[in-house]
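Subject: Structure handed over, with notes

Hello,

Here is the structure for you to look through. My notes follow below it.

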Amino acid sequence: MYDPTVARLTYRALLGRRRALILGALPILLIMISAAVRTFSGADDQVAADVLGGFALATMVPIIGVIAGTGAIGPEIDDGSVVYLLSKPVKRPTIIFTKLIVAIAVTMVFSAVPTLVAGLILNGNGQQIALAYTVAALVASIAYAALFLLLGTVTRHAVIFGLVYALVWEALFGSLVPGARTLSVQQWALAVAHKVAGGDLVTSDVGLSTAVILLAAVTAGATWYAGQKLRTLKLAGEE
Amino acid sequence: MTTLNIDHVSRWFGNVVAVNDITMTIGPGVTGLLGPNGAGKSTLINMMGGFLAPSTGSVTLDGKPVWRNEQIYRHIGIVPEREAMYDFLTGREFVVANAELHGLGKKAAQKALATVEMEYAQDRKISTYSKGMRQRVKMASALVHDPSLLLLDEPFNGMDPRQRMQLMDLLRRMGDEGRTVLFSSHILEEVEQLAAHIEVIVAGRHAASGDFRRIRRLMTDRPHRYLVRSSDDRALASALIADPSTAGIEVDLAEGALRIQAVDFGRFTALLPQVARDHGIRLLTVSPSDESLESVFSYLVAA
């Protein structure tokens, strides 16, 4: 199910100079904000939860997920170089699964690690807040990577759709329309984080079991469907 | 011996029919797929390579379906027309990756790089390669698993004459080794130099098939049309029509010229200046009016 060559090609494409800069920008911003907050207002659990929940989990993780998830396959399909993967005796679901693993790993490294660092800076993991949001970021990384990888296989405008989902649906609708929160990766991840942190600082609108089921279903479903799409992918540039 | 069978294959995109009921068999040796731009060659090659499902009909390689069959790529090498190819890798890294995806190692990659004579630049990034170098590395990636069928989409596009000759030698060698090699081109001379067998596609249809010389003869023996202006059009017309090489002459008053249809190309081109000199007529314009490849092809479709 996992092909090391596909993984190597995907890593190199994803961590190419320009994309790595974009991937690195938000985590650096998060850590800078956290350092500034800590300096000016001291260690405060509520502030820590606000920064990690409002910026790290609600904004940074989905954006990193969009870049890594769509970037793991979208550009190859766009420019046609995916033909070199498709013209090999390698199962299409293997290609998708491998790219998913790479996208998850990259999303985790660029979102969960800085979340942990930022949490430690903000309040030194008081009330397990840093740990809770790190777990949330890890969990969300999996679902986002799978969702946005699928987007990358079905549309050429994957980045735009991904950003619309991440910013408009999750951030805006999620905060305005209660129902939208049930269908939000962020809320599912928060449900898991709530379990880790306990208390009222980390809360979710979704119960833990529902969240876990939905996370698993979305990840598995998106990955399966992306594999199917790749099996019948029409290469661009045809007459 | 590998044979690619295309059986009553059609492909349409919405209302547009790109490939229309084509049946052909591609056997060992070099075959040229000839047709003007937009004729449906790429669509057909994509179906041959398993990247596009036929709307109707089937494509099989030695009896096995090509579409949705990843294992078929053990026998097929593909050189796509598009340029994109992991530009951030070096040539060697690219070919090694292609070998690994076939379950092969560095040795196979090195052999393929040697075959296309790219070892000298193998450690440079692909982004620094010229068009011809890219084409050769693409070839190496297609040859790495020693395939019995090689599909190349417009492989000579943008190559300089020297690169073109090198690639032609290579493809000829592949054909002589008993591989089935199919390449597409819209340039008659390319196909003429390389392929003994050709398949002609025009407007999505299979226009002609077979030995190149026979098709070439069809092309040269077709009625040629000329537009001729002279100091005395009518005198020239009456002198020319007496010869069997001319099938018809129209005096185009609006253009102030003769429209001549010649049936024997060689004889007519010798006759015209001779007749003019004998009758003291000055030729002002002699221009073939249907020499475009498209008109050659459409003649073939009608033939």
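The expected span of a helix is 1.5 Å times one less than its number of residues. Please keep in mind that this is a predicted model.

That rule can be applied to helix H7 of chain A, which covers residues 129-154. Its 26 residues should span 38 Å at 1.5 Å a residue, and the C-alpha atoms at its ends are 37 Å apart, so the two values agree. H7(A) is also mostly covered, with 24 of its 26 residues buried.

Chain A as a whole has eleven helices and zero strands. For its 239 residues, a compact globule would have a radius of gyration near 18 Å; chain A has 18 Å, so it agrees with that expectation. The C-alpha trace of chain A spans about 60 × 35 × 30 Å along its principal axes. Buried residues make up 52% of the 239 in chain A. If you take the contacts in chain A between residues at least 6 apart in sequence, 80% of them join residues at least 24 apart.

Chain B consists of domain 1 (4-219) and domain 2 (221-302). The centres of these two domains of chain B, taken over C-alpha atoms, are separated by 40 Å.

Where the chains meet, 27 residues of chain B are in contact with 24 residues of chain A. On the side of chain B that touches chain A, helices H1 (41-48) and H2 (91-101) of chain B supply at least two residues each. H2(B) gives the most, with four residues. By type, that side of chain B has twelve nonpolar, ten polar and five charged residues.

Regards

How values were computed:
Residues are numbered from 1 along each chain as its sequence is written. Chains are lettered from A and ligands numbered from 1 in the order in which they are written. This is a predicted model: local features need pLDDT of at least 70, side-chain atom pairs count only at pLDDT 80 or more; totals for chains, interfaces and linings use all residues. Two residues are in contact if their C-beta atoms, placed from the backbone, lie within 7 Å. Ala, Val, Leu, Ile, Met, Phe, Trp, Tyr, Cys and Pro count as nonpolar, Asp, Glu, Lys and Arg as charged, and the others, Gly among them, as polar. Domain bounds come from an automatic or database domain assignment. A residue is buried if 20 or more other C-beta atoms lie within 10 Å of its own, exposed if 12 or fewer, and partly exposed in between; C-beta atoms are placed from the backbone. The radius of gyration is taken over C-alpha atoms; the globule rule is 2.2 Å times the number of residues to the power 0.38.
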